[in-house]
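Have the viewer open as you read.

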Amino acid sequence: MTEIPEHLLKRSRERRAAIGQGGDGGADAAASSDGASSSAPAKAASTAPAAAPASTGPAARTAAAAPEAPKPPKPDPAYVVAAKQRRKVPWWAMATLSLMPVWGFMYVRALTESTAVEEGPIGIGAEMYGNCSSCHGGAGGGGLGYAFTGGEVLETFPNIEDQIRYVYYGTEGYNLEGIEIYGNPDREGGPHITGARNVMPAFGGQLTGYEILGVVCHERYTLGGADADSDEYAAEFAEWCSAESPVFHALEDGEFDLTDDEVEPFVNAEGETFEITPIGSAPVPGTP
Ligand code: HEC
């Protein structure tokens, strides 16, 4: 049980004294100070037994008890006093605090959005790169396979079509066709020759056409360092790797397949048509 602090007891005693109630003479003090209200029952108590002693037993008892009814206000228990004295949250802060669930919601949303990948080829490519990282490194730094970073992959494949084709058919596909140079034949330090390093798996059939395009975009732009805003790559990026890429969407919608030997021209966001080199139904030598 909570002990009532001494100062409160003292305050209570002082209060009782102030309203005329002594520590012990509580009942009569209340009767005298509470004049009108308590004198009537008091009279009733004195007269009732005389008037009807037999039948009014209970009435007499109530009447007799009545004078004790008006009790001094009880001192607040310690916890109420504490609650009253505690500093309250100011009203203006309530408005701020009441918004906290909203902020919490926005915060969580912000976190989920930042972890959610970008839309379009670059975003899909980042996901698909999980198929490549074991040999090419999580950041494209190379391993069993070549590095993509520092523009290396762009040196091998000045044309994105050649890279897509290589990822589609892999070392084996090129070997079967007897094609050695899958990338730029004029590459600095000599062209990359298929099978020279090890076996690059064929991803055609393992990944869909738009997934292969996506992972190639990831290798060129995210890992390889191609600048989507530069004169050299702006057009390629808009046509192949942007979220609005008409080639990506045509692949996604099944309007054409990477292995089609003939491809209709595409229309870009400005309404201009452009043509692509078909990836085709078999590997062909890389181009400068
Ligand atoms: C099993 C290991 C392995 C995996 C997995 C792998 N590669 Fe390769 N990759 C290689 C090897 C080895 C080469 C070199 C090929 C050769 O010597 O014939 C290569 C070469 C390449 C090249 C040519 C690079 C250049 O500059 O010559 C590209 C592009 C490429 N890989 C893309 C990918 C993509 C995209 C993926 C995932 C979808 C992937 N690779 C997964 C092993 C791998």
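What percentage of the 288 residues in the protein is buried? Buried residues come to 32%, where buried means under 20% relative accessible area, exposed over 50% and partly exposed in between (1.4 Å probe, protein chains only). A word on provenance: this is a predicted model, in which local features need pLDDT of at least 70 and side-chain atom pairs count only at pLDDT 80 or more, while totals for chains, interfaces and linings use all residues. Residues are numbered from 1 along each chain as its sequence is written, and side-chain values use heavy atoms, with hydrogens and water left out.

The protein has 14 helices and two strands; these are DSSP runs numbered from the N terminus, helices being H or I with at least four residues and strands E with at least two. Take the contacts (heavy atoms within 4.5 Å) between residues at least 6 apart in sequence: 61% of them join residues at least 24 apart.

Now the pockets. A pocket is an open set of points on a 1 Å grid over the protein atoms alone, where a 1.4 Å probe fits, with protein on both sides within 12 Å along at least five of seven lines; lining residues have an atom within 4 Å of a point. Volume is the space filled by probe spheres set on the points.

| Pocket | Volume | Top contributor to lining |
|---|---|---|
| Largest | About 430 Å³ | H11, four residues |

The largest pocket has 33 lining residues, with His136, Gly145, Tyr146, Tyr166 and Met200 nearest its centre. Helices H9 (133-136), H10 (152-156), H11 (160-177) and H12 (209-223) each give two or more residues to that lining. For the second largest pocket, 14 residues form the lining, and Ser12, Pro73, Lys74, Pro75 and Asp76 are the closest to the centre. Its lining takes two or more residues each from helix H1 (6-18) and helix H5 (78-85).

On to the cysteines. The structure holds one disulfide, a pair of cysteine sulfur atoms within 2.5 Å. Cys217 and Cys241 form it, with S to S at 2.0 Å. The link is left-handed, at -80° about the S-S bond. Cys217 sits in helix H12 and Cys241 in helix H13 (residues 234-241), 24 residues apart. Both Cys217 and Cys241 are buried. Cys132 counts as buried because its relative accessibility is 9%, whereas Cys135, at 26%, counts as partly exposed.
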